[in-house]
Amino acid sequence: MTPEQITIVETTIAGLDLAELTADFYRRAFAGDPALADMFTTDPAVQQSRFAQELEVIVTSIRGFDDFATRTRALGARHYGYGVRAPHFRLMRAALLDALEAAIGDGWNDEVAGAWRLAYNLTAEMMMAGATDRQA
């Protein structure tokens, strides 16, 4: 990611209501695969709050890549233990990007979409690397 793309992601997330974003994200994810709901044993409100906090921390740590890589690899290892596998990342990517587009509204354009796609892909790659570490 370029510094400009990182700034776009940092700026757009700072202007969002993360509670609304995460609620929409989970609605979209569960609509895409209702069986996902079985993977979540935590109270939905607690899960949404955790996701919102983690999303914000991940996004704001991309600029410091070492911290970002360490954090997301560990997150990937934990999620592997919950049953998350590679196909889930595609579904969650679509759910998150669609929720972001809805939340950002008129500010969503090709530049913003591209920056968020890259941020998500980088995060997913690091998480999958962490899952691979756990399997070894």
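Reader: How far apart are the mean positions of the positive and negative charges of the chain?

Author: Lys and Arg count as positive and Asp and Glu as negative, while His and the chain ends are not counted. Each charge is placed at NZ of Lys, CZ of Arg, CG of Asp or CD of Glu. For the 12 positive and 19 negative charges of the chain, the mean positions are 8 Å apart.

Reader: What kind of model is this, and how are residues numbered?

Author: Residues are numbered from 1 along each chain as its sequence is written, and side-chain values use heavy atoms, leaving out hydrogens and water. Local features need pLDDT of at least 70 and side-chain atom pairs count only at pLDDT 80 or more, whereas totals for chains, interfaces and linings use all residues, since the model is predicted.

Reader: How many helices and strands does the chain have?

Author: Helices (H or I, at least four residues) and strands (E, at least two) are DSSP runs, numbered from the N terminus. Along the sequence the pattern reads α-α-α-α-α-α. The count is six helices and zero strands.

Reader: What distance separates the end C-alpha atoms of helix α5?

Author: Helix α5 covers residues 86–104, which is 19 residues. The expected span is 1.5 Å times one less than the number of residues, so α5 should span 27 Å. The end C-alpha atoms agree with this, at 27 Å.
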